[in-house]
Amino acid sequence: MVENDERVNNIMAEQQQGKPTGEEEVEALRAELESVKHELGRAKESSESSLNKMKYLMADFDNYRKQMEKQLASKAESIKAELLLKFLNIRDDYLRALSVARQSKSEQGGVVIEGLEGILKNIDSLLASEGVREIEAVGTPFDPNVHDAIAYSARDDLAENTVTAEIRKGYMLNGRVLRPSLVEISKIVKNSVNDTKEVNIQGEQGGG
């Protein structure tokens with residue numbers, strides 16, 4: 001009995017001194033727990049917002065990287081195309097020199113021609129290894145995307161706008177036009193006098 005009385009007295013003394021009871025401690029802990037939950041919620045929202053911003057930044061950076069890589073690749077391709085064009089012009093000059101050598105009747109002409117033809121094969125092999133391909137021209141329909149028509153030929157044995165001659169060879173580089181072919185194309189020329197006579201004859205027959 002003495003111990004119970006002392007415990008009751010202690011509780012009453014604590015209440016009088018302002019010390020929290022067990023229920024008050026539980027309420028305080030609940031309030032603190034709610035506060036912690038609230039802080040955790042705010043921290044979660046903040047971290048999710050930061051994570052989303054980071055994702056957007058990473059996506060922007062990835063797009064920028066791809067764009068820069070594309071621009072660099074395009075620039076490299078342009079530089080390569082310019083260099084190969086100069087090389088093709090040299091090849092044209094080389095072919096003209098080879099043509100002159102073939103027309104030469106000198107005793108050593110055969111040896112020179114063999115040497116020049118060997119060099120020409122090396123040039124063509126180099127161009128092919130870089131993705132350069134000849135554009136098909138003679139006998140094909142005129143295509144303004146790959147052909148430049150600079151001459152016409154009156155032909156009645158071919159369909160109109162058929163390539164009849166290749167004046168300068170054209171080339172493609174990896175599926176794109178490196179240099180268009182300069183070509184001659186066919187044109188069907190009608191005899192207007194005969195056409196007029198035929199129309200008149202048909203008209204007279206119809207009238208009779």
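This is a predicted model: local features need pLDDT of at least 70, side-chain atom pairs count only at pLDDT 80 or more; totals for chains, interfaces and linings use all residues.
I started with Met-54, which is found in helix α2 (residues 22-103). Helices (H or I, at least four residues) and strands (E, at least two) are DSSP runs, numbered from the N terminus. Residues are numbered from 1 along each chain as its sequence is written, and side-chain values use heavy atoms, with hydrogens and water left out.

Entry 1: Together with Leu-51 and Met-58, Met-54 makes a nonpolar surface patch of about 310 Å². Patch residues have over 30% relative accessible area and no salt bridge; like charges are joined within 9 Å, nonpolar side chains (Val, Leu, Ile, Met, Phe, Trp, Tyr) within 5 Å. Areas come from the Shrake-Rupley method with a 1.4 Å probe.

**Entry 2: salt bridges.** I looked for a side-chain nitrogen of Lys or Arg within 4 Å of a carboxyl oxygen of Asp or Glu. The count comes to eleven salt bridges. One of them joins Arg-91 and Asp-124, with the closest N and O atoms 2.6 Å apart. This pair links distant parts of the chain, 33 residues apart: Arg-91 sits in helix α2 and Asp-124 in helix α3 (residues 109-129). Arg-91 is buried at 7% relative accessibility, whereas Asp-124 is partly exposed at 29%.

Next I checked Asp-92, whose side chain meets that of Arg-179 in a salt bridge (2.8 Å, N to O). Asp-92 lies in helix α2 and Arg-179 in strand β5, so the pair ties together parts 87 residues apart in sequence. Asp-92 is buried at 15%, and Arg-179 is buried at 4%. I also noted a network: salt bridges with shared partners join Asp-62, Arg-65, Lys-66 and Glu-69.

**Entry 3: the sheet.** What is the strand order in the open sheet of three strands? I read β1-β4-β5, with antiparallel pairing (two strands pair if DSSP finds at least two bridges between them). β1 (132-134) and β5 (176-179) stand at the edges with a single partner strand each, so one side of each has no neighbour in the sheet. Three bridges join β1 to β4 (residues 171-173), and Val-132 has Leu-173 as its bridge partner in β4.

Conventions: Buried means under 20% relative accessible area, exposed over 50%, partly exposed in between (1.4 Å probe, protein chains only).
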